[in-house]
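Have the structure open while you read.

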Amino acid sequence: MHESIKVSVRPLVEYAFRSGSIDARFRTATTMHEGTKLHQYVQKQYGEQDQKEVPFEMEFEYDDLLFYIEGRCDGLLKRNDSYVVDEIKSTSLPLEEINENSYAVHWAQAKCYAYMAMMKYDQATISVQLTYIQSETKEVRTFTNSYSLEDLSHFISEVIQRYTPFARWKVDHHHRLIDSSRSLTFPFETYREGQRKFAGSVYKTVQEGATLFASAPTGIGKTMSTLFPTIKAIGEGHGQKIFYLTAKTITRETAQEAFKMMEDKGLIATSVTITAKDKVCFKEKTICQKDYCEYADGYYDRINEGLLDLLRNETRITREVLEGYAHKHRLCPFELSLDAAYVADAVICDYNYIFDPRVSLKRLIEEQKKQTTVLIDEAHNLVDRARGMFSAELHKSAFLQLKRSYRSTNQEISNAASSINKLFIDYKKSAQSGYVVQTDVDEELLVHLDTFVSVCEKELLLQGNDEELLDVYFTCQNFIRIAKLYDHHFFTLVQAGKSEASMKLFCFDPSNQLSRMRNGFRSTVFFSATFSPLSYYQNMLGWEDDDYQVTIPSPFPEENMSVYIAPLSTKYREREETLEPLIDLLENVVTKRKGNYLFFFSSYGYMERVYEAYTDREIDTDTILQHQNMTEEEREQYLETFTSGRSKSLAGFAVLGGIFSEGIDLKGDRLTGVVVVGVGLPNFDTERKLMKERFDLDGKNGFEYTYVYPGMNRVQQAGGRLIRSETDKGILVLIDSRYVEKRYQQLLPFEWRNFDLLTPEKKIQ
Ligand code: SF4
C-alpha cells in the first residue's frame, strides 16, 4: 500500500533545485500585490485561445509513496495544434542581466506544469516559455524550449527522487505525531484548579477555528494549558501547526520545557525556537554574503542534507541544537532556524515573526496559515509592541545628510533627498519648535518618497553597501508601507526642534491591524495573567463578535498572600515630602519578617532617590539596585542574589515595567514580599497626551486607556512575582493614595481586594 503525500509544485521544485549562497546584498522586493499586477500585465497580451491561471493536478507513484502534486500555471498558450506553458516572473534586475540559465528553479517549475499539461491534453511534445518582466520598465524578455514526453517524464522522476527523502520523513513524522498526540496524557499528575477549564476552552477554540481571549492567573500553568490542548486538537485533525509567540526569552524557555514534558510522556513533535539573527550569528558582523561568511557561502547547496539530519535526529530544536547542526553542516544558524520553522509542528518565537510587517515569515503560505494556531503568551505586551510595529517615523536630518553626501556622486539621490528635506522645512515651520498633529498622511510627501525610493534602488543595486543610504531607504519603505495602512486609528505627529524635525505615523490603536493579521490563521489564543480589564485588551487586540473569552480565578489559597495598602502620595511634586514616611513603611516591611523583598518604582529617578534615603537610614538589610541597560549576565546576578535562607534580609530595588517586574520566577523563600510604590502610570509625554485625546474622541475613556490601564497592568505584573506555587506565601504592599480610589481598586486582581490599610498608626504586625 502506498503512503500518500500532497505537495504543491512550487515548494517541490524549490526544495529539489535550491543551490548557491545566501546573498543579503540589496534586492528590491516586489510585494505580492505588485507581482500580481505585473503578471496580469503580461497575461493581458495573451490571445483569445490562450488561458491564464490554469490549475493542474496529478498523481505520481514513486517507491512506496504516492505524490499528489498540484499547481497553477500562469499561462497555457495555444499555438496551432500545440501548447506553450508560460511561467511569468517579475524582476527588479535589468533584463540584460538575466539569461536562459539564470534560474534553474524557474525552469523546473514551468516544466512540472508542462508535464501535467501533456498528461491532461495527451501531447507528445510541448513548449515551455519563461517570461521575465522588469518591474520598473515593464519590458519583457522570454526564453523558450521544447520538450518531449520522455524528456519531461525523466525530469519529473528526478524532481521526485530529490524530494523523496524529505517526503518520507514528512510522512513518517506525521504518523508519529498523530499517534503520539492521540495517546498523550496531561503531563502533570492533576490539573490545577481552573486549569482544566482553561485547557478545555483552548481545545474548543482550536477545534472550531476560532479566537479566544483568556485571562488566566499566574501559577495556573498557562504554557501547558495552551500547548497541550492544541497538540491534542492536532491529533484529532484540527490544524497542523502551532506558533507560540512570546515577548521574552525566558517565556520561550518555558515553552521549550513544556515540549520536553510532553515528550517525556511520549509525544513526538518537532518544535523550533527562533532566536534573533544578530544574537545567533556566528560572525562578528551580520554581513550575509558568501565573500564574508562561510555559513552563507553555499548555504543552499548544503541545506537539504543539514535540515534532514536535524529533523531525523532532533525534536526539540532549541538555539543550542540549531547551533550544533549549523556548525556541523556549515550553515547559517538563523536561516537554518527559519528553514526548520517552515516544516516544524511548533515554532516558538517573538511576536514580530507573525505580526510585524517588516519581518514576518514571508514564506509561510496562506495554505499553511489556515492550518496554524497562534498562541500569544502574555498578550498584554502585544498592545504596545503592535503600536511600534505599525508606526513609522522619518527625520529631516537623514535627508539633509544624504542631500549633502550624494551631491557630487549621484545628483538624482541628492535632489530627491533635497525635495524631502524642503518639505520638512515647511513642517518645521508649521510646528514652530513644538508639534502639530494631523489626521492624514501628506500625499505630497508620499510622492517624493516614491521618487526617492526608486532612485535609491538604482544606486543600491549597483553598490548595495552604503549603510547610511540603506538605512534611510528601508525607513522610507516602511513609512510608505505604514502609510498604506493608515486609518482612523492613526495620527500623524510632526515635531520640530532647533534644527531637527520629524514626522511619525503613530498607530495608537492597533486593533484593526492585529485582527487583519490574525484572520489569516486558523485560530488564535490571546492569554495573559493581567488582562484587566479584559474589555480594554479585547478592544486593543482586535476583538470580533464571535470570539470567545474566559476568565480563570487564581488557583492559590487567598490566605497565602497578605495584602496591604498604604495611602501615601507618590505624586511627583509630593515625593520629597513623603520620602521619610515611605522609608518608614519599607523599614516596617523588611524588619517584620526576615526574607527577600522586591521594591518596585515607577521610574529610575524615583527608585534611586528612595534607594539613597533607604541606605542612609542604615536599615539592617542587604540591598541591590537595578540599573538601566543591564546585560544578561548582570540580570542573572541580580536574580541569583535572591537565595533562600540568607543570613540577612534583602531589599531589591527595581522599576515597574522593567526586566524584573515580569516573567521572573522566584519561588518559595526566594521572595518573601513585594512592595509597589505608585500606580505605574506611563510618562505624560506628547504621544501619550495625544493618544488620550484620540481615545476620548473615539468615545473611550482616554485617561484610563492611556494611563490607568497600562499602569495598573505593570502593578499587577510586579505583584504577580510573589505567589508562584501552591506553597508560596508572602506579603504585598501597595503604596499610593490612589489605591483607595474606586477607579484603581476595581482593577486589582480579585485575590488582592481583601487588604488591610496601613497608616502611621497602623503598621504591619
Ligand atoms: S552566520 Fe551571520 S553573517 Fe553568516 S549568514 Fe548567518 S547571520 Fe549572516
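The notes below cover a helix pair and then a sheet with its helices.

## A word on the model

Keep in mind that this is a predicted model.

## The H9–H11 pair

Two packed helices are described by the angle between their axes and the distance between the axes. For helix H9 (residues 299-313) and helix H11 (residues 333-343), the angle is about 55° and the axes are 10 Å apart. Angles between 35 and 65 degrees count as oblique, so H9 and H11 are oblique to each other. The crossing of H9 past H11 is right-handed.

So who touches whom? On the H9 side you'll find Tyr299, Tyr300, Ile303, Leu307, Leu310 and Leu311, and they meet Glu335, Leu336, Asp339, Ala340 and Val343 of H11. Sorted by class, this contact has 9 nonpolar residues, 2 charged ones and no polar ones.

## The seven-stranded sheet

Next up is an open sheet of 7 strands, paired in parallel and ordered S21-S22-S20-S23-S24-S19-S25. Strand S21 (621-625) and strand S25 (756-757) sit at the edges with a single partner strand each, so one side of each has no neighbour in the sheet.

Zoom in on strand S19 (residues 561-566) and strand S24 (residues 730-735): they run parallel and are joined by 6 bridges. One of the residues to look for is Met561, whose bridge partner in S24 is Gly730.

## Helices on the sheet

Helix H22 (residues 604-616) packs on the sheet and touches S20, S21, S22 and S23, with its direction at about 155° to that of S22. Helix H23 (residues 632-640) lies across S20, S21 and S22, and runs at about 140° to S22.

Terms used. Residues are numbered from 1 along each chain as its sequence is written. This is a predicted model: local features need pLDDT of at least 70, side-chain atom pairs count only at pLDDT 80 or more; totals for chains, interfaces and linings use all residues. Side-chain values use heavy atoms; hydrogens and water are left out. Axes are lines fitted to C-alpha atoms, for helices over the stretch in contact, and angles run from 0 to 180 degrees between N-to-C directions. Helices (H or I, at least four residues) and strands (E, at least two) are DSSP runs, numbered from the N terminus. Angles under 35 degrees count as roughly parallel, over 145 as roughly antiparallel, 65 to 115 as roughly perpendicular and the rest as oblique. A crossing is left-handed if the near helix is turned anticlockwise from the far one by less than a right angle, and right-handed if clockwise. Contact means heavy atoms within 4.5 Å. Ala, Val, Leu, Ile, Met, Phe, Trp, Tyr, Cys and Pro count as nonpolar, Asp, Glu, Lys and Arg as charged, and the others, Gly among them, as polar. Two strands pair if DSSP finds at least two bridges between them.
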